[in-house]
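Here is a short report on two contact surfaces.

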Amino acid sequence: MFCYQCEGTQRNDGILGCNTLVGNCGKTAETADLQDLLLYAITGLSSYATVANKYQISKSDVDHLVMEAVFSTLTNVNFDPKRIEDYLRDVVKLREELKQKILDFASKSNTVIDLPTYPSVTFKPANSIGELIDQALEIGFDARTLIAGEDIAGMYGFVLYGIKGAAAYTNHALLSGGNIESAVNQLHDALAFLAQESTNLNDYIDWAMKVGAANYSAMESLDSAHTNKFGHPEPTQVRISNVAGKAILVSGHDIHDLEKLLQQTVGKGINVYTHGEMLPANAYPELKKYPHLVGNFGGAWHKQKVEFSRFPGAVLMTSNCLIEPQVAYKERLFTANAVGWSGIPHIKDGDYTPLIEAALNAPGFTSDAPEKFITIGFAHNTVISLADDVVAAVKSGAIKHFYLVGGCDVSTPDGDYYGDFARMVPKDSVILTLGCAKYRFNRDDFGDINGIPRVLDMGQCNDAYSAIQVALTLAKAFDCSVNELPLTLVVSWFEQKAVAIMLTLLYLGLENIYWGPKLPAFATPNILQLLESRFKLIPISTAEKDLARTLH
Amino acid sequence: MSYQAHIKDTEYKFNLTDSVSILESAISQGINLPYGCRNGDCGGCKCNVSSGVLIDNDGHTIESLTDVLLCQSFANSDIVLDIPGFDNSIKIRNYLAKIIKLDKHNNTAIMQIQIPNTQTFNHLPGQFIEINAAGVTRSYSIANIANDNKIIELHIRHYLNGFFSSKVWNDYKVGSVIKFKAPLGNFTLQSTQNPLLMVCTGTGFAPINSLLQHMLQIGSTRSVHLIWGNYEEDDFYCLDYLEQYKKLNLKLSLCANKVQDATTFSSLLVTQVISQEYNDLSNYEVYACGNPNMINDIRNLTTNELNLNKNNFFCDSFN
């Protein structure tokens, strides 16, 4: 096993990365190795997909499988080796079917088609898990590091992890009925590039930018899917204290799961709560109409062991971030979509009956807690509708600076930086936030500037798209570039969705982004130097120092 | 049928079937039992079985549960293995490594391989690795202590038509990547102060060199007599390594069949050197590494004629 894809990876003994029997996330070496092999096989399938796309040969089954399977390898999504093995065998099966489709097309249309010849295109998975793990050793990061060096391996990681994040968003968009064609084809192209195992660093830098572009498409698709289906988020007071009654907690990002569950729980006497990255769902009009969507329970993903234990109902994990289920709640925990953990029931085909039954069998909350609320729902539609007021406030000097403080929260005290930073921001500045890093400060009262809240919660991490739209709108209003705006991005990363977003920001040309808490282990000293010199990326230091730097 | 093995006085258990040898079952489940050839030749996997019913390759019950060859034995019930001091703290796993040095001295290659920075490598001095080349496995002793710098040195004798050694001679070069499983074997130094007799032939010097490096590292004051035999004087390699061991309480005997330099080499067999210089090894530990015939000869000589406690005879047999 070797894995260094997340912020929480092992960083001692002179090694940056998890290389023992179990990773820091709880993923076993077996699962990690199978995931490496799965991704390798996917690069082969995507190589054919790029050809199919060129000749407009239908491949929606491939698109769907690749996006879900890639997503399954994201941090804290799927820990179940059997599920990963199943994905692997499905990928190879579809690869051969797609190859045959292409050959049939070539034959019928009398077209000469060059088929890819990369090793992963002909990869045959072994029969047993033990042999699969043996195969994984020869195609994983150890092999790449030995053959191509640490910088190439690191940049391969950068591109691959960006693809993972973008595939996750594409998968969310797909589930919510979005048009994923553009994003998915860009991602196939990027995966096909990885199949080439290039040893040219510049190739990887170019493709990192292309992945950033693909992720922009993915976030755009997801935004359209959400807003078309659920309406534009609107400023909303969300209750964060419990209500008496049976209860279901929905965590993760897949809002369409929440909608289906709300539909299936109508009249059941069950209150539904959001958790973690599902919080922004409370601001969508089509979801707010369900009275049994009563609010949000808990905070960021890494607190789930405590929060799920205390939650007296059933829990649904729709996407990342799952961590090792505890005895206290594993009997009432369910997974959906790409998420998996051996022994935890998996919801298939959108039928939440087992989850609902578990909720009805659980005690639920016995009384109402005192009412507490937070305000959310400041996605691009709402904020842009305030653009005239905001521009006026900037011109009058009432608003001096904008900060985007957000991203993935981390499980260590290092994440305090983001709460500290937000609290130190001068009173004449506005904070845009998104992702789960906001839980570091979103219960604080930051007040307002001329009626404009000083903290604008734009939504999930993928609502970085909203932040980009707001920045572009402001730049247009002030007739300047985004980099010339009084705007500073202070980004927290933990897993690969955040890598994808970072690549999107770099692709869009944004500079002077503060990035932390710990920089990626796959960013070797040479890669870091490149990020700092070419993209002016700034590793965070202390909230005081960094804030002072932004004010000069 | 499925059974379970328990290693006495430890927490270690592993599953058995009546169709896979006890040794192979242990290895496949990450239990690092001592072994060498896996063919019943070297005796490296011999151990006492405290309880249980065993059968051999032909399905016959094995009557004696003493000195059982685990590579040739199958379970016919749950069993308890008696392996004093068993240590499974270092896990066996597969690695990739790149060849970073490949020097040839007559018929011996000194090959250094380095595992990637992404991995840690821990082993005990005297252990070996099992290289997998195109599905064929070959075992080679680690000739150094590789824990810190992740560089493993192997001494590879060239055999005509030898599968792996031919690859080393003809195909591999610096930069080639190989796959191996490690660490394996229990040919490791016991924590006593007994005087040591180390006997090796050919590239059997490799694990002995690792043991000597370890002794240097820990500042051992134990007396050690190294007897190293080869066919010809030119077969000796890495003699410069021996310089460093002058810091140890070391006596050296280099034996060759054909001797020209009688000041450096003896024409005696290694067994003859032992017979000539020792009449009682009752307080010794003997470490022997090399071909199986030599090892059997030394085992018989030292335990049957020179009073060596058979529990103090340690060997690593090359096939």
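## Chain B against chain A

Chain B and chain A bury about 1400 Å² between them, with 57% from carbon and sulfur atoms. Buried area is the accessible area (1.4 Å probe) that two parts lose on being put together, summed over both. Leu96(B), Thr118(B) and Lys179(B) supply 37% of what chain B buries against chain A, more than any other three residues.

The model is predicted: local features need pLDDT of at least 70, side-chain atom pairs count only at pLDDT 80 or more, and totals for chains, interfaces and linings use all residues. Side-chain values use heavy atoms, without hydrogens and water; residues are numbered from 1 along each chain as its sequence is written, and chains are lettered from A and ligands numbered from 1 in the order written.

## Salt bridges

Two salt bridges link chain B and chain A (a side-chain nitrogen of Lys or Arg within 4 Å of a carboxyl oxygen of Asp or Glu). One joins the side chains of Glu138(A) and Lys179(B), at 2.4 Å, N to O.

## Domains of chain A

Chain A divides into domain 1 (11-229), domain 2 (236-361) and domain 3 (377-550); these bounds come from an automatic or database domain assignment. The C-alpha centres of domains 2 and 3 of chain A lie 28 Å apart.

Domain 2 and domain 3 of chain A bury about 1400 Å², and carbon and sulfur atoms give 55% of that. Glu277(A), Trp301(A) and His302(A) supply 36% of the area that domain 2 buries against domain 3, more than any other three residues. The salt-bridge count between domain 2 and domain 3 of chain A is zero.
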